[in-house]
Amino acid sequence: MADKSRNSREDRLRELTTIARRIQKMASENRQSNVTRVTGRDTMQRAVHREGMVSPFSLTEKYGFWSQLTDNEFIKSVIRDGYLIPLNGAWLPSPQGLRRSARENKQFVLTELNKLVESGVVVETVSPKVVSSLHVAVNDEAIRRQRRVSHAVATTIKEHPEIDTSIGVPLSKGSRNHVQLEQMSFNGFEKPRSWDWHEGHKAAFFESLVEEAERAGLMHLVDSLGKAPIEARAVSTMKAYAGENQRRINWSKSLPASLSEEHRFTLYLVDRAMSAGSSSLAKAAAAFKLANDGLSPFASQLVSDVIKAQRRKESESRAQPTQVSVNTVSKIVDMVQDDEKSERNALVVTLSFYGLLRAEEASMLKWSDVHQSGNMLKLKIRRAKNDQLARGRETFCDWPEGSKRDCLLKRFRARASMRPGLDFVFQNILNGTKLTPSAISGIAKDTLAAAGVSATHHSLRRGRANHLQQSGVDFQAIKETGRWRSDAGLRCYLSDSPRAQGFTVTELGDEVGG
């Protein structure tokens with residue numbers, strides 16, 4: 001019986017080989033003649049690569065073409081449905097089931113799996129053929145929150161359509177010191193709740209609210225309420241806060257459970273001050289207050305003192321911030337080569353300097369936001385650091401028509417017009433995607449370094465603000481042009497200047513001449 005099966009397969013392989021040779025011959029003859037003879041019939045020239053395709057993903061679509069070459073039903077079924085590997089009697093590896101992390105937290109895994117079974121989302125299978133290892137992750141910032149579900153469970157759901165996979169399964173709420181089953185967006189399984197990042201009394205508030213809301217069918221309102229603190233802040237801000245809170249939670253795991261959250265945080269902040277700057281400490285404090293109830297008056301004073309003490313230490317060794325001059329920007333424009341990347345990089349520096357653009361603002365700049373009128377360039381800033389509601393701001397800068405920087409802008413714009421669909425000014429040359437703020441910062445840093453200046457993208461903004469001050473532009477005008485929210489914020493950028501202290505051009509000239 002086995003010999004007959006083997007002979008049958010060999011016959012099929014021989015026929016497939018014969019068909020392949022016929023196709024190859026037909027393609028060869030097509031290159032020499034407009035008429036090809038196939039199985040005794042005259043047909044028009046047939047391009048196999050076009051009509052029959054060669055990609056395995058396109059064979060089914062071209063089934064009509066291939067079916068003309070054979071009457072063998074087995075070969076037709078392979079072209080139409082693919083080759084089905086016979087596994088009857090084949091050896092399969094034994095199911096592994098659980099990884100080491102799951103075995104070490106066996107009780108936790110069993111508790112959660114029982115909830116899944118009790119809810120009817122999954123059913124137990126006695127002898128699964130393939131099992132993808134179940135994994136449990138400890139709360140760690142290096143591990144993304146996700147739930148890995150075994151292939152056997154997924155297969156069981158597919159094989160049992162009577163199961164209601166829309167049911168959400170409430171999982172045990174994990175605390176900082178407990179292992180949590182990882183979550184991911186999977187059909188029928190609960191996604192991370194919008195309020196899970198709260199701690200302390202805030203978390204207790206939501207837990208009690210959920211109990212009442214579930215009975216009243218108002219969970220959609222609770223979800224919106226949980227999202228409100230997140231949506232009220234910039235995405236980058238919430239991402240930074242989440243990172244700070246996770247760092248604090250990880251550090252606190254080894255502390256005694258008897259310590260309050262307030263005690264844990266103050267100790268953490270002092271430890272953090274040994275390796276982080278004052279801005280990081282302030283960010284950690286803001287993140288803690290958002291997730292918790294805040295701090296008592298005495299704890300708040302201690303936190304404030306820790307941050308102020310760190311600032312005093314920093315002032316003793318802080319180097320003067322770098323400013324990029326007009327001459328440096330002009331030098332970069334002169335260095336531009338006749339290629340798109342060189343022009344783009346130079347324009348990143350030039351527009352950022354004269355428009356006092358932050359990296360995020362430069363990243364979001366579109367061609368429809370750039371308008372020139374005579375010797376003035378108008379840039380529309382769709383969303384600024386201090387304009388999170390995206391009301392939009394406009395900044396104006398001197399842009400002499402026919403100048404080198406004007407020619408650079410027009411030349412680069414002409415290149416972009418030949419590539420339809422490029423809305424953003426600064427995009428990846430290879431794939432046309434918008435450059436991220438970090439990419440903008442990297443380009444500016446590298447371009448300045450090529451010009452012999454060690455500076456960052458933000459140095460362009462600082463340099464332009466000081467250039468305007470030295471040119472006689474008053475403080476309020478600089479503030480409006482650079483979109484600073486407060487006077488104190490701008491003063492951090494400006495250096496002492498004779499003009500800012502009331503000296504006129506004549507007085508400065510007399511002083512230099514004398």
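A residue counts as buried when its relative accessible area is under 20%, as exposed when the area is over 50%, and as partly exposed in between (1.4 Å probe, protein chains only). By this rule Arg-483 is buried, with a relative accessible area of 0%. The structure is a predicted model, in which local features need pLDDT of at least 70 and side-chain atom pairs count only at pLDDT 80 or more, while totals for chains, interfaces and linings use all residues. Residues are numbered from 1 along each chain as its sequence is written, and side-chain values use heavy atoms, with hydrogens and water left out.

The chain holds 22 helices and five strands. Helices (H or I, at least four residues) and strands (E, at least two) are DSSP runs, numbered from the N terminus. Of the 514 residues in the chain, 34% are buried. The accessible surface of the chain is about 31300 Å², and carbon and sulfur atoms account for 53% of this surface. Accessible areas come from the Shrake-Rupley method with a 1.4 Å probe; for residues, only the protein chains shown count as cover. Contact means heavy atoms within 4.5 Å. Among contacts in the chain with a separation of 6 or more, 62% join residues 24 or more positions apart.

Strand 4 pairs with two other strands. Strand 3 (residues 370-373) runs antiparallel to strand 4, over four bridges. Two strands pair if DSSP finds at least two bridges between them. Val-370 stands opposite Leu-379 in strand 4. His-371 has Lys-378 of strand 4 as its bridge partner. The hairpin of strand 3 and strand 4 has two residues between the strands, and Gly-374 there takes a positive phi near 65 degrees. Strand 5 (residues 393-398) also pairs with strand 4 in the antiparallel sense, over six bridges. Here Leu-377 stands opposite Cys-397 in strand 5.

The side chains of strand 4 alternate between two faces. Leu-377, Leu-379 and Ile-381 point to one face and are buried.

Most residues other than glycine have a negative phi, and most peptide bonds are trans. Leu-356 is not a glycine, yet its phi is positive, near 50 degrees. Leu-356 lies in the loop between helix 15 and helix 16. Its relative accessible area is 0%, so Leu-356 is buried. Arg-483 likewise has a positive phi, about 60 degrees, although it is not a glycine. Arg-483 sits in the loop between helix 20 (475-482) and helix 21.

Helix 21 (residues 487-491) includes Leu-490. Leu-490 counts as buried because its relative accessibility is 0%. Leaving aside neighbours within four places in sequence, Leu-490 is in contact with Phe-475, Ile-478, Lys-479 and Trp-484. Arg-462 is 28 residues away from Leu-490 along the chain, and the C-alpha atoms of the two are separated by 9.3 Å.

Helix 15 (residues 340-354) contains Asn-345. The relative accessible area of Asn-345 is 15%, so this residue is buried. Beyond its neighbours within four places in sequence, Asn-345 is in contact with Ile-443 and Thr-447.

On a 1 Å grid over the protein atoms alone, a cavity is a set of points where a 1.4 Å probe fits but cannot get out; lining residues have an atom within 4 Å of a point. Grid points are joined across faces, edges and corners, and a volume is the space filled by probe spheres set on the points. The count is two cavities of 30 Å³ or more.

The largest cavity has a volume of about 80 Å³. Its lining includes Glu-340, Trp-367, Phe-412 and Arg-419. This lining divides into seven nonpolar, three polar and two charged residues. Ala, Val, Leu, Ile, Met, Phe, Trp, Tyr, Cys and Pro count as nonpolar, Asp, Glu, Lys and Arg as charged, and the others, Gly among them, as polar.

The second largest cavity has a volume of about 30 Å³. Among its lining residues are Glu-361, Met-364, Lys-380 and Ile-381. Helix 16 (359-364) and strand 4 (376-381) each supply at least two residues of this lining. The lining of the second largest cavity holds three nonpolar, no polar and five charged residues.

Note on methods:
1 Å grid on protein atoms, 1.4 Å probe; cavity = no way out; pocket = protein on both sides within 12 Å on 5 of 7 lines; lining within 4 Å.
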